[in-house]
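Morning, everyone. I have one structure to go through today, and I will keep it short. Please have a look at it before I start.

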Amino acid sequence: MKHAISLTLSVLYNFTLNRRYTFKSAGNVPKAMLLVALFYALFIPASSWWGNALAQLGWLDWVIKIFTMIINFIGEFLWWKFVVFRGTENTNALAH
């Protein structure tokens, strides 16, 4: 449960900062949040699956964690850039 709470708070914080400063988007917030939730609805089960598979192959826990964090960082940025905020970048006049 602690993991779910910390993940949710982290995603909300990152969403707020990325929307305002990175992508400068004035797009539809509920739609964007649903798209972010969709990413995690796919990423969390996938990362659990490959984490377990890699652990069974003998990978160290910290190596799996770093690998998963790198995949999350790259995947999340690409998802947010090309799906969530596509077409709404630089539309927030307050962020300029």
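Going from the N terminus, the elements of the protein chain run α-α-α. That makes three helices and zero strands. Bear in mind that this is a predicted model.

Next, the overall dimensions. The C-alpha trace spans about 50 × 25 × 20 Å along its principal axes. The chain has 96 residues, and 26% of them count as buried. Its accessible surface comes to about 6,800 Å². Carbon and sulfur atoms make up 70% of that surface.

Now the contacts. Take those in the chain with a separation of 6 or more: what share comes from residues 24 or more positions apart? The figure is 70%.

On to the largest pocket. Its volume is about 720 Å³.

The lining has 24 residues in total. If you want to find the middle of the pocket on the screen, look for Leu7, Phe43, Thr68, Met69 and Asn72, the lining residues that lie nearest its centre.

Last, the make-up of the lining by class. There are 11 nonpolar residues, 10 polar ones and three charged ones.

That is my part done.

Methods. Residues numbered from 1 in each chain as written. Predicted model: local features only at pLDDT ≥ 70, side-chain atom pairs only at ≥ 80, totals over all residues. Heavy atoms only, no water. Helix = DSSP H or I, 4+ residues; strand = E, 2+ residues; numbered from the N terminus. Buried < 20%, exposed > 50% of the residue type's maximum accessible area, 1.4 Å probe, protein only. Contact = heavy atoms within 4.5 Å. Areas by Shrake-Rupley, 256 points an atom, 1.4 Å probe, with all protein chains shown as cover. 1 Å grid on protein atoms, 1.4 Å probe; cavity = no way out; pocket = protein on both sides within 12 Å on 5 of 7 lines; lining within 4 Å. Points joined across faces, edges and corners; volume = space filled by probe spheres on them. Nonpolar A, V, L, I, M, F, W, Y, C, P; charged D, E, K, R; others polar.
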